[in-house]
Amino acid sequence: MLDQMYIKAKFSLKRALNHLFNEEKGSSEVIALVVVIGIVLIIAFLFRDQIIKLFVDLWNNLVSSNSDGNADKITEPAIKKPK
């Protein structure tokens, strides 16, 4: 029974991927998705220090609002900046 489910899922995935890559609209959507992911990664790389600081501050606010007050605060990780 599991073999049949695996085979059915495998063929369904293969059919969906073939449909996505063989259709012109699908290929342009894939390219657009790759471009958007690339832009998001570039922005995250450019603002990585601010993003890390944001998450550290959020975590420390959550920890400091803890009712028992025994949790340790975290500090910003040491990131070597490129020269």
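This is a predicted model: local features need pLDDT of at least 70, side-chain atom pairs count only at pLDDT 80 or more; totals for chains, interfaces and linings use all residues.
**Entry 1, helix H3**

I started on one face of H3, where Phe55, Asn61 and Leu62 are exposed (exposed is over 50% relative accessible area, buried under 20%, partly exposed in between, with a 1.4 Å probe and protein chains only). I then looked up the buried residues of H3, and they are Val56, Asn60 and Val63. These cover an arc of only 60° around the axis, so they sit on the same side of H3 (the arc is that of the directions from the helix axis to the C-beta atoms).

Residues are numbered from 1 along each chain as its sequence is written, and side-chain values use heavy atoms, with hydrogens and water left out.

The mean pLDDT of the protein is 79, and 70% of its residues reach 70 or more (pLDDT is the predictor's confidence in each residue, from 0 to 100). Confidence is lowest in helix H1 (residues 2-22), at a mean of 79, and highest in H3, at 89.

I found 3 helices and 0 strands, running α-α-α from the N terminus (helices are DSSP runs of H or I with at least four residues, strands are runs of E with at least two, numbered from the N terminus). Of the 83 residues, 5% are buried. The protein exposes about 7,800 Å², with 67% of it from carbon and sulfur atoms (Shrake-Rupley method, 1.4 Å probe; for residues, only the protein chains shown count as cover).

How many salt bridges does a search of the whole structure find? I got 1 (a side-chain nitrogen of Lys or Arg within 4 Å of a carboxyl oxygen of Asp or Glu). Lys53 pairs with Asp57, the closest N and O atoms being 2.9 Å apart. They are 4 residues apart in helix H3, which means about one helical turn between them. Lys53 is partly exposed at 40% relative accessible area, and Asp57 is partly exposed at 33%.

I looked up a nonpolar surface patch of about 1,200 Å² accessible area together, whose members include Ile31, Val35, Phe45, Phe47, Phe55 and Leu58 (patch residues have over 30% relative accessible area and no salt bridge; like charges are joined within 9 Å, nonpolar side chains, meaning Val, Leu, Ile, Met, Phe, Trp and Tyr, within 5 Å). Helix H2 (24-46) and helix H3 (48-64) each give two or more residues, and H2 supplies the largest share, 7 residues. I spot-checked Val35, which is in helix H2 and partly exposed at 47%.
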